[in-house]
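A short briefing on both follows.

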Amino acid sequence: MKKTIFITGGAGFIGSHVIRLFVNKYPNYKIVNIDKLTYAGNLENLKDIEKASNYIFEKADIVDKKVIDELFAKYKPDGIIHLAAESHVDRSITNPTEFIYTNIVGTVNLLNAAREIWAENIQDKRFYHISTDEVYGSLGDNGLFTEKTAYDPKSPYSAAKASSDHLVRAYNHTFKLPVVISNCSNNYGPNHFPEKLIPLAINNIKNMKPIPIYGKGENVRDWLYVIDHAKAIDAIYHNGRDGETYNIGGNNEWTNINLIKHLCKVMDKKLNRTPGASELLITFVKDRAGHDLRYAIDSTKLMTELGWKPSLQFEEGLEKTVDWYLANEDWLNNVVSGDYQKYYRDMYECK
Ligand code: NAD
Ligand code: TYD
């Protein structure tokens, strides 16, 4: 029997990798991609599977309750994997309101629609909410985020994601909605929009433009290859326990400055530049307001319960990522034209 799964935000960075994995791996699932196509959504990310017989795209805004209710009535999904969100911390600092609408109101619209459609029968249904480690706040030099770490979000982005996580858990507790949540560390890989650190740096290095490093570059992030995140989502969607939370991380901490120095070395080699040439582009700029110092994830629960582990070492994943960007110049040039130029000017040149 065919199952219908809604994947929201499927035209974005992580969502497109999840869609590809599910469309190819599960021919018996009908995968419906629900995406508003904001600046971050790009159907080019899905070119290779857009004609697959088990894939459908619906352009819709999750904030629009009427449209969402209609889509639920039309397809009667068995499962929802919810990734649609405003996802960039810097944008949440300049314009927090959009984050409240999409990340909180949009999530509630999906929860209500699922509750209604599954009122008669919740057997084998699942609402899977994709979240971030940023809900836990910021770590000092030691320690890791576990599933029991108290929420302490510090940016409008993470506060909106934390709020949506609480609502998902509340619907599980109050209405017995079958939910599962995961909180993942920073992803990197192909199709990453170049407002985030790694693709922005790749694009700037390629074009010999300054690489902006906030503050002293001492902030630490735990990086995971995006396809490993997609595989974790597959494992959790199918085998995660109802009502549970799973942390997903790469066990791979880098200070921003060390990461960028390593990336510069990789790019020097790929672009046949004199060793050290790209590093000269590093430029320290004003720090992000309220910049979280360190994120690091303990994924023991996911690894022991579901047997997941990251498949790639960071050095290998980063090289694959650089290769992808260099081989996909058209993709990169398309997304950095138009509105991106204004975003970049406002964000970096006014500092
Ligand atoms: P992204 O910004 O690349 O993509 C977001 C997608 O959601 C886009 O396709 C966009 O068009 C769509 N979208 C935005 N608002 C919408 C709306 N109102 N209605 C319908 N669609 C809408 O984001 P991403 O990096 O792929 O992140 C996906 C999810 O994973 C988010 O929920 C994010 O919080 C979470 N996450 C991201 C990371 C990361 O490192 N990128 C890490 C952990 C968790
Ligand atoms: P980012 O990719 O925006 O992810 P997040 O804020 O969700 O962790 O940023 C990763 C780290 O890199 C973060 O510490 C902020 C820093 N950063 C820079 O130093 N320069 C930049 O131009 C950007 C976009 C980020």
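A polar contact is a pair of N or O atoms within 3.5 Å; within protein, one must be able to donate a hydrogen and the other to accept it, and residues adjacent in sequence count only if both atoms are side-chain atoms. This is a predicted model, in which local features need pLDDT of at least 70 and side-chain atom pairs count only at pLDDT 80 or more, while totals for chains, interfaces and linings use all residues. Residues are numbered from 1 along each chain as its sequence is written, chains are lettered from A and ligands numbered from 1 in the order in which they are written, and side-chain values use heavy atoms, with hydrogens and water left out.

**Ligand 2**

- The side chain of Arg288 places an N or O atom 2.5 Å from an oxygen atom of ligand 2.
- For the side chain of Asn186 the corresponding distance from an N or O atom to an oxygen atom of ligand 2 is 2.9 Å, and for that of Asn256 it is 2.9 Å.
- Taken alone, ligand 2 exposes 510 Å², of which the protein buries 97% (accessible areas by the Shrake-Rupley method with a 1.4 Å probe).
- Ligand 2 is surrounded by 17 residues, the closest being Glu134, Arg221, Arg288, His291 and Tyr348 (a residue is near a molecule if one of its heavy atoms lies within 4 Å of it).

**Second largest pocket**

- The second largest pocket has a volume of about 460 Å³ (on a 1 Å grid over the protein atoms alone, a pocket is an open set of points where a 1.4 Å probe fits, with protein on both sides within 12 Å along at least five of seven lines, and lining residues have an atom within 4 Å of a point; the volume is the space filled by probe spheres set on the points, which are joined across faces, edges and corners).
- Among the 20 residues that line this pocket, Asp90, Arg91, Thr94, Tyr343 and Met347 are the closest to its centre.
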